[in-house]
Amino acid sequence: MKPKRRYYSLIDKIYQMDNLNEAWLAVKKNQGSGGIDGVSIGMFEKNIGINLKEIQRLLQQDRYKPDPVRRHFIEKENGKLRPLGIPTIRDRVCQQAVRQIIEPIFEQDFYYYSFGFRPGYSAHQAINTIRRAKRGGYDYVVDLDIISFFDEIPHELLMEKVRERITDGKVLTLIRGWLTAGVMEDDQFHETLVGSPQGGVISPLLANLYLNHFDWSMKEKGFAVVRYADDAVILCKVLEEAGMVFLTNLLTTRF
């Protein structure tokens, strides 16, 4: 599916104080711990007026510099550890402000059976879609789980997809800055040459954008795909369709 209109000037909408206030309220509602600067939600709120005006000033002057994320690990159901990248509260507010402006643009292009981290979509809708497909004769399923997806997204390919819709250089610089800000772990700085921090406000949107080509390309090839973030199922009516020829085709698909 080819994108339509391109947007050349968005930064002025991002740093509008109404948008920044809305972004702050969304970040406050989600709570969560602070980043590498040790500033918590409560601490940030004590000087909220000053903090938001400072974000606005830096964005207006094209001087906003993202902070590295704080590495944090959570245990998965299988006992393995999932790495999260926790941005500072300031970066979370700024990411949310950007997301609020650019998400409606990309939503117009997203595949209709992509249900993860999208406004108005849910895991229950994904499950119900699969149930309807089963009643429609789709008896075979190829289960797809992309290993370490968030950690392995190629920056250049992702930015290509962003530029298909957005050409505002200041917005592109912000997004690239969050991708390459680096990680602090045990007081050691690590560069981020690939990946989008799982824990960043804008990361789920970027992940959906990166995988949108996969969704539509599977549809064009005649396969029924239902996706939730980096988990997907490809629904088939006959066993042969889900066989090795299909898997080989799937694994060589360029996202």
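Student: Is Glu-107 buried or exposed?

Tutor: Glu-107 counts as buried because its relative accessibility is 18%, where buried means under 20% relative accessible area, exposed over 50% and partly exposed in between, with a 1.4 Å probe and protein chains only. Please keep in mind that this is a predicted model, in which local features need pLDDT of at least 70 and side-chain atom pairs count only at pLDDT 80 or more, while totals for chains, interfaces and linings use all residues. Residues are numbered from 1 along each chain as its sequence is written, and side-chain values use heavy atoms, with hydrogens and water left out.

Student: Which residues does Glu-107 touch?

Tutor: Leaving aside residues up to four places away in sequence, Glu-107 touches Arg-118, Pro-119 and Tyr-121, a contact being heavy atoms within 4.5 Å. Glu-107 itself belongs to helix 5, residues 89-107; helices (H or I, at least four residues) and strands (E, at least two) are DSSP runs, numbered from the N terminus.

Student: Switching to the backbone, what is phi of Ala-229 near?

Tutor: Phi of Ala-229 is near 60 degrees, a positive value in a residue other than glycine, and Ala-229 sits in the loop between strand 6 (224-228) and strand 7 (231-236).

Student: And where does Gln-31 lie?

Tutor: Gln-31 is in the loop between helix 2 (17-30) and helix 3 (41-46), and its phi, near 55 degrees, is likewise positive in a residue other than glycine.

Student: Why does Gln-31 count as partly exposed?

Tutor: Gln-31 counts as partly exposed because its relative accessibility is 43%, whereas Ala-229 is buried, with a relative accessible area of 8%.
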